[in-house]
Amino acid sequence: MFKVAITGIGAISVLGSSRADISNSLKKGSSGIIVDAHRITMGFESPLTGVITGFNPKEWLSRKQLKTMPDHAVQAYAAAFQALDQSGLSIEDLQNDESGLIFGCDSSCIAALDQVELLKERGQTSLIGSGAVFRSMTSCITMNLNTLFKTRGAAWTISSACSSGGHAVGQGFSLISSGQQERVICGGAQEINWQSMCSFDGLGAFSCKTDLPQQASRPFDKDRDGLVPSGGAAAIVLERYDLAKERGAEILGTVSGYGFSSDGEHISVPGKTGLARAGAKAIKQAGLAASDIDYICAHATATPAGDAAEAENIRRLFSDSNPRISSTKSMTGHELWMSGASQVVYTVLMNQGGFIAPNINYKDGGSDAAGLNIVSETIFEPPRNALLNSAGFGGTNSCLVLKF
């Protein structure tokens with residue numbers, strides 16, 4: 001087993017489009033959630049959403065390159081470019097069989113809708129344009145990044161609902177630790193447009209606290225009433241530790257354990273043992289005991305059932321210890337397919353900045369969060385051994401352990 005280093009991170013987030021801006025937002029407990037007036041006119045039950053400001057796809061890629069990439073794929077490219085730049089690797093360093101790409105993404109909704117509208121407008125399928133085929137595929141991120149970076153190793157997309165990004169990082173870790181790849185750019189992305197969220201909104205799963213949008217996402221709080229949809233992209237450069245050290249790279253931390261499980265119960269209601277089982281596997285692989293974990297970056301999306309189930313899983317796994325816990329979704333909203341990867345970026349930034357980000361909007365967890373050490377204000381101590389939880393529809397769970 002090879003040790004796996006994190007040498008670069010990047011993200012286009014509702015908290016900012018640079019590492020410095022995102023770190024500052026995390027430290028201050030700033031929210032990226034707004035009320036979208038257009039969603040009100042479209043008949044949404046909840047017009048709340050995360051919003052990305054100041055990102056222009058045309059600043060990153062040419063018009064020809066953008067033809068095959070919807071916004072979230074361009075954001076994934078930008079995040080990957082940021083991470084690659086920080087790692088000190090060049091694009092030429094990726095052009096070999098030992099370099100791979102793995103991203104988590106479970107839909108590309110807007111592109112499919114766009115091609116239907118183009119057909120209605122132009123009246124012939126031949127006039128839709130060739131780029132629409134590639135834009136509408138779930139794997140559009142990795143197929144485009146593979147072409148842009150010219151990697152020759154792994155190149156695929158993992159689709160597992162809201163644990164997609166976590167599994168992508170975990171699989172990148174597994175490929176490197178087993179010796180199958182020397183480096184992998186991994187991450188997750190989620191489109192942020194209203195079209196991708198309308199059916200989800202109809203399920204009644206979104207918060208309706210529109211009076212104070214920045215206080216709407218309330219993970220673990222007893223007054224939580226649902227998640228706030230969000231998105232963007234996050235990317236991480238993972239490398240074989242010895243090779244990264246050999247070339248003089250700055251080691252930001254290590255991915256030391258990856259655990260996965262499925263609930264085998266309900267398609268939308270999370271189980272009370274799945275995350276605990278995945279977490280136990282990740283902690284064991286990392287060579288740690290549960291008591292060694294000092295921070296949990298929780299999945300907690302602010303849904304009543306989901307947060308209660310995660311709390312029960314945490315109590316089950318950490319019966320003899322009480323690590324600090326926060327959900328960055330209190331600030332970002334639920335980044336869905338991106339979230340498992342963004343948690344890696346956010347936790348690395350916490351370590352580098354010497355703080356643990358708060359679970360904002362948390363006042364009283366009630367019986368659901370009883371006994372949990374929820375961080376409601378910024379703590380100016382860095383995480384050292386962190387467990388990152390992510391879970392998705394269908395009961396799919398991913399847990400990562402980061403060591404610093």
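In which strand does threonine 157 lie? I located threonine 157 in strand S5, residues 155–158. For these notes I took helices (H or I, at least four residues) and strands (E, at least two) as DSSP runs, numbered from the N terminus.

**Entry 1: the model**

I noted that this is a predicted model, in which local features need pLDDT of at least 70 and side-chain atom pairs count only at pLDDT 80 or more, while totals for chains, interfaces and linings use all residues. Residues are numbered from 1 along each chain as its sequence is written, and side-chain values use heavy atoms, with hydrogens and water left out.

**Entry 2: surroundings of threonine 157**

I listed the contacts of threonine 157, where contact means heavy atoms within 4.5 Å. Not counting residues up to four places away in sequence, threonine 157 touches Phe103, Gly104, Cys105, Thr138, Ser139 and Thr142. I also looked up leucine 101, which is 56 residues from threonine 157 along the chain. The C-alpha atoms of threonine 157 and leucine 101 are separated by 8.4 Å.

**Entry 3: two glutamines**

I looked up glutamine 75 in helix H4, residues 71–87. Throughout I used relative accessible area with a 1.4 Å probe and protein chains only: buried is under 20%, exposed is over 50%, and partly exposed lies in between. Glutamine 75 counts as buried, at 7% relative accessibility. Residues up to four places away in sequence aside, glutamine 75 touches Ile12, Ile52, Phe55, Gly232 and Ala233.

I then turned to glutamine 215, in the loop between H9 and S7. Glutamine 215 is partly exposed, at 36%. Leaving aside neighbours within four places in sequence, glutamine 215 is in contact with Lys209 and Asn361. From C-alpha to C-alpha, glutamine 215 and histidine 266 are 30 Å apart in space, and they are 51 residues apart in sequence.

**Entry 4: cysteines**

How many disulfides does the rule give? I applied the rule that a disulfide is a pair of cysteine sulfur atoms within 2.5 Å, and the count comes to zero. For cysteine 198, the closest cysteine sulfur is that of cysteine 109, at 6.6 Å, which is too far for a bond. Cysteine 198 counts as partly exposed at 39% relative accessibility. For cysteine 399, the closest cysteine sulfur belongs to cysteine 297 and is 11 Å away, again too far for a bond. Cysteine 399 counts as buried, at 0%.

**Entry 5: salt bridges**

I counted a salt bridge where a side-chain nitrogen of Lys or Arg is within 4 Å of a carboxyl oxygen of Asp or Glu. The count comes to 13 salt bridges.

One of them joins aspartate 368 and arginine 224, at 2.8 Å from N to O. Aspartate 368 lies in the loop between H14 and strand S11 (373–374), and arginine 224 lies in the loop between helix H9 (198–201) and strand S7 (232–240), so the pair ties together parts that are 144 residues apart in sequence. Aspartate 368 is partly exposed at 31%, whereas arginine 224 is buried at 8%.

Glutamate 239 forms a salt bridge with arginine 247, and their closest N and O atoms are 2.5 Å apart. Here glutamate 239 is buried at 2%, and arginine 247 is partly exposed at 34%.

I also looked up arginine 315 and glutamate 312, whose side chains meet in a salt bridge at 3.5 Å, N to O. The two residues are separated by about one helical turn because they are three residues apart in helix H12, residues 304–317. Arginine 315 is partly exposed at 27%, and glutamate 312 is partly exposed at 26%. Elsewhere, salt bridges that share partners join Arg224, Asp307 and Asp368 into one network.

**Entry 6: helix H14**

I looked up helix H14, which has 15 residues, 339–353. H14 reaches 20 Å from its first C-alpha to its last, close to the 21 Å expected at 1.5 Å a residue; the expected span is 1.5 Å times one less than the number of residues. Is H14 mostly covered or mostly uncovered? I found H14 mostly covered, with 13 of its 15 residues buried. Glycine 354 follows H14 and has a positive phi, near 75°.
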